[in-house]
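Grab the model and a pencil: here are a few exercises, each with a solution worked out step by step. Try each task before you read on.

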Amino acid sequence: MQTDVVRIGTRGSALALAQAAEVRARLMAAHDLPEEAFEIAVIRTSGDRIQDRPLSEAGGKGLFTKEIEQALIDGRIDLAVHSSKDMPTVLPEGLEISAFLEREDVRDVFIGRRVERLEDLPQGAKLGTSSLRRQALALRLRPDLEVGMFRGNVQTRLKKLEDGVAEGTLLALAGLKRLKMEHVASAVMDPETFPPALGQGAICIETRVGDAWVGGVVEAIRHAPTGAALACERAFLAALDGSCRTPIAGEAKVEGKNLRFSGMILTPDGREAHEIAGEGSVDDAAKIGADAGARIREKAGNRFFDSWD
């Protein structure tokens, strides 16, 4: 392995830095190298700067990746670390996702100001979230709730909750675990009734196409089962042209050579939802996801998708 310092690009939030540090630690262990062999470069993204409106109105998922990807294209960093659920299905020319770390817990958690469960919130209580998926799923369970925008990192959202901006919020358990903050969760949501975002809990590494040196460095920490699961989920998302404007949920599970997928699409108000399932060989992961996307599109009909515009 060449001796140059590997430059790791990331956002600057506490969670993003924890994810970059996890990638660095795994690379250090895999290649028996000191911390000095890896440099973490913090890059501020549009998603970090825009805090006054929902992502769906500001431009969608690419807001958390485009500045980091530009640094990768320009050669200012060697690899980028992202939360997989932030990644658009179409990447800039010349870039690729070269590895996924082993996936963390995919579930969401509810954090209540005065109650422990979403079901226990008072009638008409305010729930804070910036996710259309969480909004739609919450309203599906509790149509009486008032959902308000909750932007910012984990600490910012918890402070808003403490200040009474809302009576409850929803966060990813994986992020809390990486921050060693899982104790703040009031209740873990059942993934059967509250399915996760596609890609939730998985850290991905993006590199330049054809960069053999960096590709070799990253290959040592690639987790193949997570890669297969995410290939399925991202194909499902691509078939639905999914973005931050679309409430889509689902999860692929790999068991040996078999992959099982379940997906859901909802209207933003949670009043209508459609579910789909697929199963097959891990070698056909992307096909399983794409087929599920095509089938659920047909099942829901064009009128359903008009509500997303």
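By class, 4 nonpolar, 2 polar and 4 charged residues make up the lining of the largest cavity. This is a predicted model, in which local features need pLDDT of at least 70 and side-chain atom pairs count only at pLDDT 80 or more, while totals for chains, interfaces and linings use all residues. Residues are numbered from 1 along each chain as its sequence is written, and side-chain values use heavy atoms, with hydrogens and water left out.

**Exercise 1. Find the residues closest to the centre of the largest cavity.**

Step 1: know what to look for. On a 1 Å grid over the protein atoms alone, a cavity is a set of points where a 1.4 Å probe fits but cannot get out; a pocket is an open set with protein on both sides within 12 Å along at least five of seven lines; lining residues have an atom within 4 Å of a point.

Step 2: count and size. There is 1 cavity of 30 Å³ or more, and the largest holds about 40 Å³ of space.

**Exercise 2. Work out which strand gives the largest share of the lining of the second largest pocket.**

Step 1: list the contributors. Strands E11 (248–255), E12 (258–266) and E13 (273–281) each give two or more residues. Strands (E, at least two residues) and helices (H or I, at least four) are DSSP runs numbered from the N terminus.

Step 2: the answer is E12, with 5 residues.

**Exercise 3. Trace how E12 pairs with E11 and with E13.**

Step 1: take E11 and E12. They pair in the antiparallel sense over 8 bridges (pairing needs at least two DSSP bridges).

Step 2: look at their turn. This hairpin has 2 residues between the strands, and Gly256 there has a positive phi of about 65°.

Step 3: move to E13. It runs antiparallel to E12, joined by 9 bridges, with Phe261 opposite Gly278. Here 6 residues sit between the strands, and Gly270 takes a positive phi near 75°.

**Exercise 4. Where do the buried residues of H10 sit around its axis?**

Step 1: list them. Ala285, Ile288, Gly289, Ala292, Gly293, Ile296 and Ala300 are buried (under 20% relative accessible area; exposed is over 50%, partly exposed in between, with a 1.4 Å probe and protein chains only).

Step 2: look down the axis. These residues fall within an arc of 135°, so they line one face of H10. The arc is taken from the directions from the helix axis to the C-beta atoms.

Step 3: check the other side, where Lys287 and Glu298 are exposed.

**Exercise 5. Which loop holds Asp32, and which holds Lys180?**

Step 1: recall the background. Most residues other than glycine have a negative phi.

Step 2: Asp32, not a glycine, has a positive phi of about 55°. Its loop lies between helix H1 (14–31) and strand E2 (38–42), and Asp32 is exposed at 71% relative accessible area.

Step 3: Lys180 also has a positive phi of about 55°. It sits between helix H7 (173–178) and strand E9 (187–188), exposed at 68%.

Notes. Grid points are joined across faces, edges and corners, and a volume is the space filled by probe spheres set on the points. Ala, Val, Leu, Ile, Met, Phe, Trp, Tyr, Cys and Pro count as nonpolar, Asp, Glu, Lys and Arg as charged, and the others, Gly among them, as polar.
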